[in-house]
Each structure stands twice: as C-alpha cells, then as structure tokens.
Amino acid sequence: MFGLVLILTVAWLIARQISRPIGALAITSRAIRQGDRSARARLDGPPEIVDVAREFNEMLNVRMQSEMALQASQDELEEALKIAQLGYWQYVFDTDEFIFNDQYYSLHHTSAERMGGYRVPASAFIQKLVFAEDQGLVREALQRAASADTPDFTHRFEMRIHCEGSDTRWVQVLLKIVQDEASGARHLVGASQNISERKYAELNQVRLNRSLRVLSECNAALVHAEDESQLLAEICRLIVLEGTYPMASVIYPGREAGAGRVAAQYVVGRADSELAEALAQSAEITGLMQNGKENIVHELDASHPSSGFERIATERGCRSLIAFVLRNSKNEVLGVLCIFAERTDEFRTEELALLQELADDLAYGISTLRVRIQHAEAEKKLEFLAHHDLLTGLPNRLLLRDRFEQAVAQADRNRSGVAVLFLDLDNFKQVNDSLGHNYGDQLLVKVVERLRDCLRETDTISRQGGDEFVVLLTNLNDLAAISSIAQHIVEMFAEPFELESYTINTTFSLGVSLYPDDGEDFDTLLMNADTAMYQAKDSGRDTYRYFSQKMNLDAQEQLQLQGQLRQAIKNQEFILHYQPQVNIASGQVVGAEALIRWIHPVNGLMPPGRFIPLAERTGLVIPMGDWVLHEACQQAQAWCEAGNPLVMAVNISALQFKRGNLLDTVSHALKHSGLAPECLELELTESVLLQDADNAIAMLRKLKDMGVKLSIDDFGTGYSSLAYLKRLAVDKLKIDQSFVRDLHTDMDSVAIARAIVQLGHILQLTVIAEGVETQEQFAALQEFGCDEVQGYLYSRPVPAPEFEAFCMRTGG
C-alpha cells in the first residue's frame with residue numbers, strides 16, 4: 001500500500017512539474033490570439049519543457065516579424081494604390097452584389113460607413129454611384145461577363161462616377177473572371193483607376209480643336225463675304241456644324257427700344273425659329289445690347305426656368321448659353337452672338353478665348369462689310385455720275401467720246417461716215433427764268449423723250465449740260481440720211497410741250513459736222529458742230545446748218561483778240577477778284593478763291609468766259625496762270641500781315657499743270673511773297689488729274705512735300721475713280737455748283753451731294769460746296785455735314801478792298 005501511495009505521489013509531482021509549464025504555454029497562446037503580441041512563454045520547468053518554451057517563443061518572434069513585414073508591404077501597396085488612384089472590387093454573380101474596399105470608396109470621396117458596408121447590391125451601386133448616361137455601360141459589362149464561355153474573359157471600358165460634393169470623375173474599368181478551383185464558382189474581380197485628369201485634358205483638346213476649326217472656317221467666310229445677311233447665316237451654320245453646337249444665332253437691336261430681332265440663326269437638324277425669337281426678346285440679350293455689358297455664360301435651369309427662352313431651350317436639350325457682345329471700332333454695340341450647348345460645363349476658359357476671338361472677328365467683318373458696301377454704293381453713284389447726266393440719264397461727254405472712238409473705228413473698217421450733231425434749245429433760258437428750274441427740268445426730260453423718237457437705236461444722245469445736246473450718228477453712207485434726221489428733229493419740235501397747266505413752245509438749233517471731212521478727232525468735230533449750231537441760231541433758229549470754213553467765227557476777230565490777250569499779259573491788264581469761303585460750323589471766312597478778270601482797254605471789264613477758252617487753246621493760259629499765282633500769294637500775305645490769315649485758293653489749268661513749270665512757279669511765288677505754304681491751296685479738276693494719273697500723283701506728292709494744300713475742283717462732273725482718289729494726295733473736294741443748284745427740288749442732286757460729302761469724310765477730306773445761292777441750299781448742305789461753302793449767298797467775287805470790307809462786316 002505504501003509503495004502504491006509513493007508511486008502515486010511521485011507521479012503527481014512529476015505531472016505537476018510537466019502540466020504547469022504546459023498550462024503556461026496555453027495561457028500565452030490564448031493571450032496572443034487575443035491580440036497581445038508581447039506575450040511570451042516562461043522558461044522554467046524541466047529542461048525538455050524549457051526547450052519547448054524557448055522554441056515556442058522563437059516561433060512567436062519569427063511570426064511577429066513576418067506580420068510586421070506583411071503590414072509594411074500592405075501599407076506600401078495602399079500608398080501605391082492611392083498614388084495610382086486605383087480601387088479594387090469584386091462582383092458575385094450568385095448574389096448580384098459588389099464587394100468594395102476602402103481604396104475604391106475613396107475614388108467616390110465616400111466610405112463604407114456612409115455606403116452601408118463593403119457589400120453593395122449591384123442595382124444600388126449603379127443607381128447611386130454611376131453617371132446616369134453611363135449606367136448602361138456597367139450593365140452591359142456584367143451581362144457580357146455572365147454570358148462569357150471562356151475562363152480568361154476580360155473587359156475594359158471608361159465611365160463617369162459620382163463623387164460626394166456633386167463632383168464627377170472619369171474612371172477606367174478593367175475586369176476579369178476568376179473561378180474557384182474547389183467549388184467551381186465564378187466571380188468578377190476588377191480595378192477602377194481615376195483618369196479624370198487625362199480625360200478632361202482630352203475633352204478640352206477636342207473643344208479647342210473644334211473651336212480652332214470653327215474660327216478658321218468662319219474667318220474664311222469673313223474674307224469672302226459680300227452680303228451681310230449671307231455672312232451671318234454662314235457664320236451660324238459653321239458654328240453649329242463645325243463646332244457641334246445645337247444652335248447659334250445673331251441678334252441685332254430691334255426698331256423698338258428694349259427689343260431685339262433675329263438677324264440670323266442655325267439649328268441642327270430642324271428649322272426652329274421659336275427659340276431664337278424668344279431669345280431676342282429676353283432681358284438678358286436686350287440688356288447686353290442696351291447697356292453694353294460684358295459677355296455672359298448662362299447655365300440654363302431646366303426645373304426653374306427664369307424666362308421663356310430657357311424653358312424652350314431646355315425642352316430642346318440645351319443646358320448652357322454663351323452670349324458675346326459684337327462691338328465695332330467705336331465700341332458701339334452691333335448685336336449679340338449667341339451659342340447654345342448641350343452640357344452645363346461646355347464652355348471652358350481656353351475655348352471661350354477662341355470664341356471671343358471669333359466674335360471680335362465677326363464684329364470687324366460686319367463693320368468692314370458695311371464700310372465696303374458704303375464705298376461700293378458711293379463708287380456706283382460716282383460711276384454713273386462719270387458717264388451719265390443725272391436729270392435725263394443720257395450719256396455724258398466722257399461716254400460719248402468713248403462711243404465716238406468705237407464709231408470711228410467701225411467707220412474706217414466699213415468705209416462709212418460719222419456725223420456729230422450739236423443741238424441747243426432755243427429760248428430755254430426764258431423757261432427757267434419765268435417758270436423756274438423745276439419746270440425747266442421737266443421740259444428737258446420731255447425733250448429727250450421726243451428726241452429719242454427722231455433717232456435710230458444705234459445713234460447716241462448726250463447731254464452736254466444746260467440746254468445743249470450732242471447726237472452721234474453712225475454708219476452713214478450719204479448726206480441725205482443726215483439731212484433727213486435733222487429735218488425730222490426740226491419738224492417734231494414744231495409741236496408744243498404740255499407741262500401741267502403750261503403750253504411751252506421750244507425748238508432746236510442744230511449744227512452738223514462730218515467725219516473725216518470736218519475733223520478726225522472728237523474735240524475738233526464737236527467744236528465744229530458747235531460752230532455750225534451758232535450759224536443756225538444766226539439764221540433765225542429752229543433749223544440746222546452744216547459746218548464749213550465760212551461758218552467759223554471770224555478768224556480775224558479771233559486773231560485780233562489773241563493778240564490783244566498777249567499784250568494784256570505783257571501789260572498786266574488783269575485784276576483778281578476774290579470770293580469768300582465760309583466754314584459752315586463757325587460762320588467764319590476761312591479762305592478766298594482768286595478769280596481773274598481782264599480790264600480790256602476798249603471793252604472794259606471782261607468776264608473769264610470771254611478769254612479763258614482762247615487762252616487755253618493758244619497756251620497763253622500758262623503765263624496768265626503764273627501771274628495769278630504770284631498776285632494771289634502777295635495778296636494772301638498782305639492779309640496775313642494785317643492779322644487776317646486766310647487760305648488762298650488758286651485754279652490751276654490743265655496746260656499749266658501738264659506743260660508749265662508748276663513746281664518752280666509755286667516755289668517762286670511763295671518765296672517772293674513770303675506766304676506760308678499752308679496758306680496756299682491749288683484747285684485742279686478731276687479730268688486733269690485722271691488723264692495721266694501716275695504723273696499727276698507724282699506731281700501732287702511733290703506739291704504736298706512743299707506744304708501747299710490741294711483741292712479737286714468741280715468734283716462730281718468728271719470720271720471719279722475711288723482707286724485713284726485714294727492715291728491722290730488732296731485735302732479738299734469741291735462739290736460742283738450744278739448739284740448745289742437743285743438741292744431743294746431734285747432728289748438726284750441731293751443723293752449725289754450727300755454721297756460726295758460722305759465719301760470725302762470717309763477719305764478724311766474737307767468738303768466745300770460752290771454756287772450756294774439760297775438758304776435752302778445752305779440748310780441742306782449743313783444737314784449733309786458739308787464743311788465749307790461759297791457762293792452768292794455770301795458774296796460775289798469782288799476786288800480785294802470789298803472782300804476785306806465783307807470780312808469786317810461778318811467778323812471774319
């Protein structure tokens with residue numbers, strides 16, 4: 001018994017020595033499972049148990065090191081995923097749900113707590129986190145994966161996701177099928193990477209390329225534009241088609257205040273004027289046009305539209321509007337360019353800059369086109385003026401000369417003849433004096449109508465001015481045909497004319513010259529026909545005469561007058577009269593036109609019409625013009641020294657300009673008189689300047705270099721070319737008195753005078769009108785914006801003392 005007890009006691013002691021360390025190991029293991037990574041087994045007990053405890057502790061140390069290394073690796077992976085903006089997820093086919101991690105939720109700026117956990121039903125994920133327009137992409141990807149029959153199925157696509165704070169991100173999704181080897185179950189694993197920066201850069205580049213393309217195409221349209229309405233329509237079309245915008249329109253100010261009108265519009269896919277009309281009447285657009293506000297970018301509110309156009313626009317799928325104010329160089333509002341977009345974030349900064357450039361180019365193009373049209377209209381009027389008589393619409397002398405050259409060329413080929421008939425209405429002055437110019441003009445129109453009935457279709461009628469006409473007869477083979485036409489004219493005008501309540505009798509005196517018998521050039525034939533016409537008048541009027549040497553004005557008288565004129569130049573038998581030039585705005589006398597008069601030893605004071613033509617034919621106009629220039633400069637200098645500086649205007653004849661030593665004459669006159677060059681103004685006619693335009697331009701530039709002023713006299717009566725007019729270095733245009741005379745009765749004269757003033761101001765020239773005799777004429781010119789006037793309304797040409805007295809009376 002004792003032995004048994006001893007054995008049991010020894011066994012108990014041994015067991016206790018073994019079980020206690022083993023129990024300690026169990027306690028240590030339990031502590032580690034509960035998260036106490038510092039727990040370790042005690043090293044006591046039998047050697048074998050101590051060895052086990054030591055190995056156990058060593059195993060714990062190795063495990064802890066591995067876990068720490070794994071955690072560090074996981075932390076690095078987490079950081080790498082954040083940098084790459086990647087999020088991983090799984091999709092379980094059986095439960096139709098997604099399993100996300102925290103990194104994925106970070107792409108949406110949310111967390112598992114706010115999303116209700118890491119497992120989310122597929123329908124909830126698609127509805128809450130995927131952009132509405134891209135939800136179909138997710139459903140399609142899941143369906144393709146579910147029906148895939150290959151274990152290595154992969155799929156890649158791009159979509160937009162919602163983020164907290166109403167932000168939107170682009171992500172690239174890559175998914176593949178994973179199959180469990182044990183169960184055979186399949187699920188999807190995928191990665192979503194944030195590609196917003198790249199995607200928005202791509203979209204922005206697409207916008208920029210689109211805007212650049214629109215800008216390029218629109219600029220090409222601007223360059224080739226001829227009509228404003230067509231230009232606006234083309235610009236709107238290009239914006240919509242090349243820029244892929246749903247609609248573009250141009251709104252102009254309406255006739256009524258606070259309203260606009262649709263100048264042009266283009267809508268993709270349909271004709272729709274309702275939106276543009278509503279936009280034109282909206283406060284946003286009319287406010288831009290009235291107040292000149294800055295451009296606006298308007299986000300359209302589909303749920304709470306603030307105006308009618310917003311409701312219509314949102315119904316048509318538009319979400320935003322950009323409106324650019326169109327301004328000209330004077331900062332005046334021309335209108336508004338409006339562009340609609342289908343997205344609220346469509347107009348980015350870079351694209352807005354290009355569209356603003358387009359708007360600026362369009363405004364410049366509109367302004368340029370309007371100026372070009374004004375120039376074209378003015379040139380068209382001047383072109384008509386250059387070749388036709390305004391009252392009757394007949395060819396003028398320039399066009400008649402051209403037709404004469406053609407007729408002569410044909411006559412030389414066909415060995416036929418050409419006749420020039422010079423016609424003058426008898427007693428026409430009495431009609432003007434007794435009934436007025438209005439009735440005189442009506443009579444001239446009826447005269448032309450009747451004269452046309454007397455001629456063939458191939459014949460040309462030209463009005464030379466006043467009551468004088470020239471008829472060109474072509475393809476003639478005998479004198480009988482000419483006599484027949486001339487006699488027919490005489491007989492036809494035996495019948496009186498009925499003008500309202502008046503019966504007027506008028507006849508023609510005709511002179512006839514023949515090519516080549518009476519002359520081979522136009523001027524000679526015209527002069528000879530004129531000579532024959534005066535012979536007809538001397539023969540009792542209402543008849544015709546052919547030219548012959550007997551009909552010429554007394555050659556001896558002409559020779560005698562020519563000799564007297566030479567002696568007059570030598571003896572300086574001339575005097576200058578001066579006609580004041582008055583500034584319309586101030587009423588002050590600003591200049592004087594010097595006009596020559598001949599104090600004939602026998603006949604007394606002779607008007608220039610008696611001797612100037614003879615002086616021009618004989619070349620005596622050159623020394624005569626030199627005398628006028630010197631005398632006028634001395635008088636102008638005398639006025640300057642007396643405290644009354646005025647610009648002295650001197651007419652320069654064609655011969656003096658082309659054959660005289662004009663530069664030296666002007667220089668010597670200025671030097672000898674001491675007159676400042678800017679106080680001298682040289683007047684030249686259009687015909688003189690345009691006969692040899694290149695040489696004329698060179699001469700004018702040399703005169704301008706000297707400092708003198710230049711003026712085009714009798715503007716509107718000759719051939720006016722805008723191309724040359726821009727090159728001529730002139731300072732002033734003088735409207736011919738033939739247009740001024742009928743300003744209060746003739747609308748054509750009004751139109752021409754107004755056009756000349758506008759043209760002069762466009763070219764930055766001063767415009768003066770001559771022959772102003774009535775207050776009505778003055779008022780019309782003042783309305784047109786004419787700068788200066790001269791005429792009998794103020795004073796006739798008078799000697800210097802009377803001119804000075806006039807200036808004192810008027811405060812000039």
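This is a predicted model: local features need pLDDT of at least 70, side-chain atom pairs count only at pLDDT 80 or more; totals for chains, interfaces and linings use all residues.
User: Where does aspartate 134 sit?

Analyst: Aspartate 134 lies in the loop between α5 (122–129) and α6 (135–146). Helices (H or I, at least four residues) and strands (E, at least two) are DSSP runs, numbered from the N terminus.

User: Is aspartate 134 buried or exposed?

Analyst: Aspartate 134 counts as buried because its relative accessibility is 6%. Buried means under 20% relative accessible area, exposed over 50%, and partly exposed in between, with a 1.4 Å probe and protein chains only.

User: And α6, which of its residues are buried?

Analyst: In α6 they are Gln135, Val138, Ala141, Leu142 and Ala145. Seen down the helix axis, the buried residues of α6 fall within an arc of 130 degrees, so they line one face. That arc is taken from the directions from the helix axis to the C-beta atoms.

User: New topic. In what order do the strands of the open sheet run?

Analyst: The order is β13-β14-β12-β17-β18, five strands with mixed pairing. The edge strands, each pairing on one side only, are β13 (460–465) and β18 (544–546). Two strands pair if DSSP finds at least two bridges between them.

User: How many bridges join β12 to β17?

Analyst: Eight, between β12 (residues 417–425) and β17 (residues 508–515), and the two strands run antiparallel. Aspartate 424 stands opposite serine 509 in β17.

User: Which helix packs on that sheet?

Analyst: Helix α17 (residues 522–538) does, touching β12, β13, β14 (468–476), β17 and β18. The direction of α17 makes about 145 degrees with that of β17. Axes are lines fitted to C-alpha atoms, for helices over the stretch in contact, and angles run from 0 to 180 degrees between N-to-C directions.

User: Back to the whole protein: how many helices and strands?

Analyst: The protein has 29 helices and 27 strands. Of its 812 residues, 46% are buried.

Conventions:
Residues are numbered from 1 along each chain as its sequence is written. Side-chain values use heavy atoms; hydrogens and water are left out. Contact means heavy atoms within 4.5 Å.
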